[in-house]
Amino acid sequence: MSTKPAILVARAVFPEVLQRLAQHFDVESNQDDVLYTAEELAQRLQGKVGVFTTGSERIGAALLAQCPDLRICANMAVGYNNFDLPAMTAAGIVATNTPDVLTETTADFGFALLMATARRMAESEHFLRAGLWTRWSYDMFAGAEVHGSTLGIIGMGRIGQGIARRGALGFGMKVIYSNRKPLDAATEAACQARFVSKTELLQTADHVVLVLPYSAEAHHTIGAAELAMMKPTATLVNIARGGIVDDAALAAALRNRTIAAAGIDVFEGEPSVHPDLLTVPNVVLTPHIASATIPTRLAMADLAADNLIGFLIHGKALTPLNAPAH
Ligand code: GLV
């Protein structure tokens, strides 16, 4: 019988990361990548002291009550809205995420989605693929200016700051942001960004990018009322989380041209996508891939693994989200 601690890797992951985990643990892994039901997850966690999760596994009080041996959940994501953190802390479970390693890659993608949205890349590509391109015309797929325009960022954490730097330093954009609190003066200066109210941001930005974490208070940060405040020429980019935007209201605003266009990487109830978003032309839709480069995904998986090894073998997680008392 193995004397190593037992862990579960709940989704498919890089084989080299699994091999590294196997040096320390008795690993049950899900390389077939079949999504576990809540019941199956609870059953597979019997006897496990750690679990490697992604955003798709919900960890809450009901599950934890069934898993008395569990001590740590290591999420391979910076977002952790799949974790009920107070319930985990109360149950004495350490929670970890993967900050920093994905910041620049995710900021790249946020900026790419902004550009694709403003310059109507998906819409025009569909047109071309459909064989509809018969001649050049002066206003064909004319989009919104990016350089020199006003970039509004809601949620100015590490990724928001990365997008601000790209906009200000690379594209000469005026950057405004709203956040729970203003950044310190040095960080603001490095991002060339000005703190404004959410209302001012929505009313004045040419491009609004959402990068705030999901929480109950952040649910539908952008709904019909907020979309109505935006300029009719404005674009909206969501790389934060599904549920930050009211997707039905967004589809209606795109159809009615309340705003010009949107770029959306995260969806309410994903992988389902609101059917109305699939039928409006002025939206770029991507399947939650903002951090998806192989080096970055490997760094995320490595950090999640290091959190399991750090805590279970050496007594200290690298990037803990909580500090349970027991
Ligand atoms: C991806 O969405 C993440 O939170 O890392």
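**Entry 1. Second largest pocket**

I sorted the lining of the second largest pocket by class and found six nonpolar, five polar and three charged residues. For this I counted Ala, Val, Leu, Ile, Met, Phe, Trp, Tyr, Cys and Pro as nonpolar, Asp, Glu, Lys and Arg as charged, and the others, Gly among them, as polar. I note that this is a predicted model, in which local features need pLDDT of at least 70 and side-chain atom pairs count only at pLDDT 80 or more, while totals for chains, interfaces and linings use all residues. Residues are numbered from 1 along each chain as its sequence is written, and side-chain values use heavy atoms, with hydrogens and water left out.

I read the volume of the second largest pocket as about 250 Å³. Of its 14 lining residues, Thr 37, Ala 38, Leu 41, Glu 57 and Arg 58 are the closest to its centre. The search ran on a 1 Å grid over the protein atoms alone: a pocket is an open set of points with protein on both sides within 12 Å along at least five of seven lines, a cavity is a set where a 1.4 Å probe fits but cannot get out, and lining residues have an atom within 4 Å of a point. Points are joined across faces, edges and corners, and a volume is the space filled by probe spheres set on them.

Helix 2 (38-44) and helix 3 (61-65) each supply at least two lining residues; helix 2 gives the most, with three. Helices (H or I, at least four residues) and strands (E, at least two) are DSSP runs numbered from the N terminus.

**Entry 2. Ligand**

I listed the residues around the ligand (a heavy atom within 4 Å): Ala 77, Val 78, Gly 79, Leu 102, Arg 241, His 288 and Met 300. This shell divides into four nonpolar, two polar and one charged.

I then looked up polar contacts (N or O pairs within 3.5 Å). A backbone N or O atom of Val 78 lies 2.8 Å from a ligand oxygen, and one of Gly 79 lies 2.7 Å from a ligand oxygen. Arg 241 places a polar side-chain atom 2.7 Å from an oxygen of the ligand.

**Entry 3. Cavity**

I found one cavity of 30 Å³ or more. The largest cavity holds about 40 Å³ of space. Its lining includes Ala 116, Arg 120, Glu 123 and Pro 281. Helix 6 provides the largest share of that lining, three residues. By class, I recorded seven nonpolar, two polar and two charged residues.

Definitions and conventions: Polar contact = N/O pair within 3.5 Å; in protein donor to acceptor, adjacent residues only side chain to side chain.
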